[in-house]
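Open the model in your viewer and keep the sequence panel beside it. The stops below go from one selection to the next.

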Amino acid sequence: MAFQEDDPCLVSQSLEISSILQGLLSQRVLVRLDIPGKAVSIISTLLDVDAKAGTLLLDNASEDQINTQLLRAPAVRLQGTLDRVMIEFTGPLSPAMHEGKPALSMAWPTQLRRVQRREFFRVDIPASNPAHCLIEDASLPSGKARFRIADISAGGLQLVDRDNLLTEIPVGTIFDECTLELPDAGELDVALRVLRSTHLTQDNGKPQHQVACRYFNLPDNRQIAIQQYIGTLERAVLARRWGIE
């Protein structure tokens, strides 16, 4: 993923990049690693940053298959939120060791993006405790359909369109009657605006259609409930990462 040189969010000064990476490390920020265009992602943390060696060390995935996919990818995207600012950069990964345990090594970025919008950082929803979104609209079979939520943020979510029911829905379409079914957070009535439609390749090689949506006219009380749910997901990931659970 190439950055535009005139991007106002672009950071290319080496000292500033170093300061940002040190911040991600010292604050134990949860970061998302994914392969653009692929349904492959993990939540990780920085283990070490070495400006002299020009490398970053990151926790690897617990599944060997995912580690293999990340290592084979020509570029992996890293996203994390530092002081309510989303940090994003890409680079290849290579295998490494940290304190006697397998880890992932990433090349020191020469450029990164700082986007001051907390909602850009997405949190994956675990398959073991899935969340769903029920959409009621005349364009759908029987007037409604239920979709699994792949990931969620404070600004929107991404739906898994397993049966390709939304492939012909134009960008900008607003679904006024949607119900989020979030584990331990109950049901929330929201409106969603379609942002983009993406065709991904799953681990088994099969295509998967996903639709990114933004909340539309979301009341404050429901936004707070969604943020609390996201916080619960992040704490669970951090607990597993540091062996609390």
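Two strands count as paired if DSSP finds at least two bridges between them. Helices (H or I, at least four residues) and strands (E, at least two) are DSSP runs, numbered from the N terminus. This is a predicted model, in which local features need pLDDT of at least 70 and side-chain atom pairs count only at pLDDT 80 or more, while totals for chains, interfaces and linings use all residues. Residues are numbered from 1 along each chain as its sequence is written, and side-chain values use heavy atoms, with hydrogens and water left out.

**Stop 1: strands S5 and S6**

Select Leu78 and Phe89. Phe89 in S6 is the bridge partner of Leu78. Now extend the selection to residues 76–82, strand S5, which pairs with S6 in the antiparallel sense over seven bridges. The hairpin of these strands has two residues between them, and Asp83 there takes a positive phi near 55°.

Is S6 enclosed or open? Select residues 85–91: six of the seven residues of S6 are buried (under 20% relative accessible area; over 50% is exposed, and in between is partly exposed; 1.4 Å probe, protein chains only), so the strand is largely enclosed by the rest of the structure.

Look for Glu88, which stands opposite Arg113 in S9.

**Stop 2: the whole sheet**

Show the strands as a cartoon and follow the order S1-S9-S6-S5-S2-S3-S4-S8-S7: this is an open sheet of nine strands with antiparallel pairing. Strand S1 (10–11) and strand S7 (93–98) are at the edges with a single partner strand each, so one side of each has no neighbour in the sheet.

Select residues 14–26 for helix H1, which packs on the sheet and touches S1, S3, S4, S5, S6 and S9. Contact here means heavy atoms within 4.5 Å. The direction of H1 makes about 115° with that of S3. Such axes are lines fitted to C-alpha atoms, for helices over the stretch in contact, and the angles run from 0 to 180 degrees between N-to-C directions.

Then select residues 64–72. Helix H2 also packs on the sheet, touching S3, S5, S7 and strand S8 (101–107), and its direction makes about 125° with that of S7.

**Stop 3: strand S13**

Move to residues 156–160, strand S13, where five of the five residues are buried. Turn on the side chains. In a regular strand the side chains alternate between the two faces of the sheet. In S13, Gly156, Gln158 and Val160 point one way, and Leu157 and Leu159 point the other way.

Which strands pair with S13? Arg148 stands opposite Val160. Strand S16 (residues 207–215) pairs with S13 in the antiparallel sense over five bridges, and there Gln158 stands opposite Ala212.

**Stop 4: Thr179**

Select Thr179 in strand S14 (residues 174–182). At 12% relative accessibility, Thr179 counts as buried. The side chain of Thr179 makes a polar contact with the side chain of Asp189 at 3.1 Å. A polar contact is a pair of N or O atoms within 3.5 Å; within protein, one must be able to donate a hydrogen and the other to accept it, and residues adjacent in sequence count only if both atoms are side-chain atoms.

**Last stop: the chain**

Zoom out. The chain has three helices and 16 strands. The C-alpha trace spans about 60 × 35 × 35 Å along its principal axes. Buried residues make up 46% of the 245 residues.
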